[in-house]
Amino acid sequence: MRNIYKYRVLPKLPKRLEPLQEMAYNLWWCWNPDAIVLFRRFHPVLWESTYYNPVEILGRTSQAHIDKILKDDAFIAEMDRIYKQYQNYLSRKTWSDREIDHDQEMCIAYFSAEFGLTESIRTYSGGLGILSGDHLKAASDLGIPLVGVGLLYRQGYFNQYLNVDGWQQELYLDSDFYNMPIKQVLNEKNQILKFPLAIGNRNVMVQIWKIIVGRIPLYLLDTNLDENRPEDREITAQLYGGDVEMRIRQEILLGIGGIRALRLLGIKPTITHMNEGHSAFLAIERIRNIMEEQNVNFAVARELVISTNVFTTHTPVPAGMDIFAPDLVDRYLFQHRSVLGLSREEFLGFGRQDPFNHAEYFSMPVLALKMAAYCNGVSELHGQVSRQLWEQIWPEVPHNEIPIGSITNGVHPRTWISRDMVGLLDRYLTPEWEANPADPNIWQRVVDIPDAELWRTHERRRERLVAFARTRLRKQLINRGAHKSEISIAEEVLDPEILTIGFARRFATYKRAGLLFKDPDRLLKILTNKERPVQLLMAGKAHPRDNEGKELIKYIISFARKPEFRKHVVFLENYDMNIARYMVQGVDVWLNNPRRPLEASGTSGMKVAFNGGLNLSILDGWWDEAFQEWGNLGIGWAIGRGEDYADTAYQDAVESRALYKILEEEMIPLFYNRGYDDLPRGWIQYMKNSMQYLCPRFNIHRMLTEYTRNYYIRANQKWHELSLNNFDGAKRLSEWRTHIHHAWTNLKIMKIEMDDSKEYFVGQKLKVNVLIQLGELNPEDITAEIYFGTIGSRGELNGGQFEPLVAEEKQSNGTCRYYGAIPCDNSGLQGFAVRVLPNNPRLARRMIPGLILWG
């Protein structure tokens with residue numbers, strides 16, 4: 001094969017236009033409407049043909065066009081104004097400056113397998129990636145000291161198209177990173193920065209790319225290098241592509257390679273945040289680094305890593321989580337395990353709920369849960385589901401005390417609110433709404449927006465959505481080879497003035513995209529009612545190996561092709577951020593009907609709320625807590641009351657009928673009930689209620705401030721506490737943990753005594769004293785507690801609370817007496833139990849698997 005000598009050609013702009021190039025390489029532009037308009041104005045044709053990629057636009061623009069722009073005084077003045085906005089954004093004081101103690105160094109490394117930042121960078125597939133992208137944008141807005149780490153996929157996630165039968169096909173296209181807002185990281189000799197990483201029995205060379213997201217750097221790893229074998233170059237070819245071996249190779253690269261890349265860049269995170277379990281191997285590499293740098297053993301390094309790791313789980317069912325056979329883990333991670341000095345079973349035990357079950361597969365979420373002191377689900381309901389799902393890791397710990405909390409997801413407002421709505425909010429809300437979208441007082445001013453202005457703003461977005469859908473539908477019909485008569489109908493589908501329902505998401509079967517089609521005749525009457533018509537706009541991809549999801553798409557396409565449905569049901573191919581933005585900004589109602597409780601959170605409906613749209617949803621994920629709190633105020637509609645069903649067919653029948661009933665009796669009449677001025681005043685009131693109550697709660701700035709206050713600050717304090725004085729705190733905690741494990745088997749609750757009375761009045765206290773055999777332990781090594789609550793119908797203890805017991809001095813025989821009292825705050829049959837937990841002020845979380853003793 002002939003030698004190919006490579007070089008890169010960069011866009012060259014006159015000095016007067018250099019601000020354009022600087023802004024093009026910072027994704028700040030993608031959530032600033034003025035900057036987006038500026039790049040579109042620079043070259044409208046290229047803006048569309050490059051799929052909104054300003055770097056490629058600048059590289060492909062002719063010199064004649066640049067000369068023309070230089071003579072356009074209005075454009076230059078607008079560029080200067082927006083560049084000043086950009087500079088002010090980067091230099092202004094932020095929330096972090098007020099809320100975080102910067103005397104203690106803090107650096108958060110945020111790991112995710114996907115990042116959805118903008119349409120032209122295809123490093124995302126769905127909600128997880130969009131959330132990760134919004135997380136970085138909000139961290140930039142808030143000034144949180146964070147770096148992102150992920151993988152750079154050459155082909156990203158697949159492009160979807162449908163064949164003539166409506167069956168999903170997948171198309172994988174290579175990205176041209178050299179014409180995107182991404183730069184290779186170079187070393188001091190201006191050469192590509194690369195490093196070797198052991199994946200299985202050989203080293204794979206890895207290069208690093210960088211994306212700037214406002215104030216936040218995002219580093220992406222890539223194995224597509226000439227010196228790698230062809231099969232190793234494919235590790236970063238596709239997001240969620242390949243088999244289980246490809247998945248473990250990608251996750252070694254993300255977790256272990258990601259930490260190694262940060263170290264090579266001179267970045268030393270005090271906290272690492274695993275967004276889903278894909279990156280859990282990072283804990284192994286962090287431990288190895290500390291062992292190597294500080295000359296400490298595995299146990300000491302693990303204490304520091306556990307105390308400074310955050311893990312967010314997004315999946316409510318085991319089937320959606322990555323697990324690997326033990327022999328696969330052996331084959332790909334034996335080199336990393338041997339460096340840690342662990343036996344095979346010790347290493348595998350970290351990824352098993354029961355470390356002594358040698359048949360259990362190695363689970364990435366279990367590894368993350370065991371290696372992170374701060375764990376959470378992504379909605380209140382998902383937190384409950386996660387505690388139930390993983391309760392075997394902490395046997396005998398009450399359900400509500402399993403150390404998995406919840407921080408409900410949110411969305412980045414400026415990324416998802418339409419330009420029209422931004423203008424309206426700028427006029428009627430305080431200017432602070434963009435900088436502080438989580439302030440409920442700001443959103444109360446929505447009531448001051450005149451009904452007519454709010455409605456006309458929303459109608460403009462519906463009109464644009466319909467125009468966009470018609471254009472997209474026409475293109476996909478032409479690409480599919482449809483007949484001219486079918487293509488011509490694309491100009492007539494949908495109506496910009498009628499009630500528009502949107503449904504767009506991954507076509508997994510549990511999301512039940514076909515629920516609305518359960519009774520076709522009833523649906524047809526709803527859609528084609530001459531006085532009160534309705535239309536349905538749908539989009540979404542099925543995983544390439546999910547044939548059930550593909551069948552569902554085909555089923556919906558068959559409906560959309562029927563003459564009676566054709567103008568009222570449209571399916572848009574290749575769902576991505578661009579389609580999502582048009583939909584959430586233009587629909588009247590967002591439909592979400594997953595099988596409860598399988599929707600961890602969901603965020604599309606939140607985006608709709610910021611644009612004045614309403615939600616119609618099963619009580620699952622975020623909507624469960626939103627509707628429970630504000631549903632009676634008129635913010636949208638709930639399908640059912642949060643019931644769980646054993647018979648899924650019966651569930652579908654019941655909930656489809658409930659869905660039709662809401663449409664027929666509540667939603668459609670409210671939309672079409674117009675006054676003399678043709679305004680649906682009742683509907684507009686719902687819009688205002690939704691915006692007032694949902695927007696300050698379900699935005700990502702609120703979410704990120706919760707992560708910072710609840711997790712990041714506490715984890716950072718632990719880093720400094722445990723690493724001080726040559727890691728003395730971590731060493732002492734490790735020694736204590738070894739001692740407590742050794743002595744725990746000799747710990748016994750000898751006697752529990754209480755007042756003789758069996759009846760008490762509200763307001764009184766029940767006194768309890770307990771005799772405990774401590775053995776080798778001291779009173780300060782444990783916490784003795786009364787665990788009390790209401791006795792249920794089956795004799796169980798419900799709604800448990802705990803009160804600490806106070807210790808006397810330890811006796812020479814190893815016993816110690818503890819005293820306490822239970823407040824009698826509630827009438828009825830009550831009960832209590834006594835328990836003992838380990839206690840050490842250096843512990844980041846109370847519950848240690850296997851260390852709880854009940855009396």
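## Around valine 310

Let's start with one residue and its neighbours. Leaving aside residues up to four places away in sequence, valine 310 touches Ile271, Thr272, His273, Met274, Ala372, Tyr374, Tyr711 and Tyr712. Keep in mind that you are looking at a predicted model.

Where does valine 310 sit? You'll find valine 310 in strand β10, which covers residues 309–312. With a relative accessible area of 0%, valine 310 is buried, because the cut-off for that word is under 20%. One of the residues it touches is His273. Valine 310 and histidine 273 are 37 residues apart in sequence, yet 4.5 Å apart in space, going C-alpha to C-alpha.

## Glutamine 476 in helix α20

Now hop over to helix α20, residues 451–480, which contains glutamine 476. Is glutamine 476 buried or exposed? Its relative accessibility is 5%, so glutamine 476 counts as buried. If you skip residues up to four places away in sequence, glutamine 476 touches Phe571, Leu572 and Glu573.

## Rings that pair up

How many aromatic pairs does the structure hold? There are 42 of them. Take tryptophan 630 and tyrosine 693: their rings are 6.1 Å apart, centre to centre, with 25° between the planes, and the pair is stacked. Tryptophan 630 belongs to helix α26 (residues 621–630) and tyrosine 693 to helix α28 (residues 681–694), so this pair ties together parts that are 63 residues apart in sequence.

Tryptophan 630 has a relative accessible area of 13%, so it is buried, whereas tyrosine 693, at 24% relative accessibility, counts as partly exposed.

For another kind of pair, look at phenylalanine 671 and tyrosine 672. Their ring centres lie 4.9 Å apart and their planes meet at 80°, so this pair is edge-to-face. Phenylalanine 671 and tyrosine 672 are both buried. They also belong to a cluster, in which ring pairs link Trp455, Trp637, Phe671, Tyr672, Trp683 and Tyr686.

## Charges over rings

Which residue lies over the face of phenylalanine 559? That's lysine 562, at 4.5 Å from the ring centre. Arginine 697 lies over the face of phenylalanine 698, at 5.7 Å from the ring centre.

Technical notes
Residues are numbered from 1 along each chain as its sequence is written. This is a predicted model: local features need pLDDT of at least 70, side-chain atom pairs count only at pLDDT 80 or more; totals for chains, interfaces and linings use all residues. Side-chain values use heavy atoms; hydrogens and water are left out. Rings of Phe, Tyr and Trp (its six-membered ring) pair if their centres lie within 6.5 Å; planes under 30 degrees apart count as stacked, over 60 as edge-to-face and the rest as tilted. Helices (H or I, at least four residues) and strands (E, at least two) are DSSP runs, numbered from the N terminus. Buried means under 20% relative accessible area, exposed over 50%, partly exposed in between (1.4 Å probe, protein chains only). A charge sits over a ring if NZ of Lys or CZ of Arg is within 6 Å of the ring centre and within 35 degrees of the ring normal. Contact means heavy atoms within 4.5 Å.
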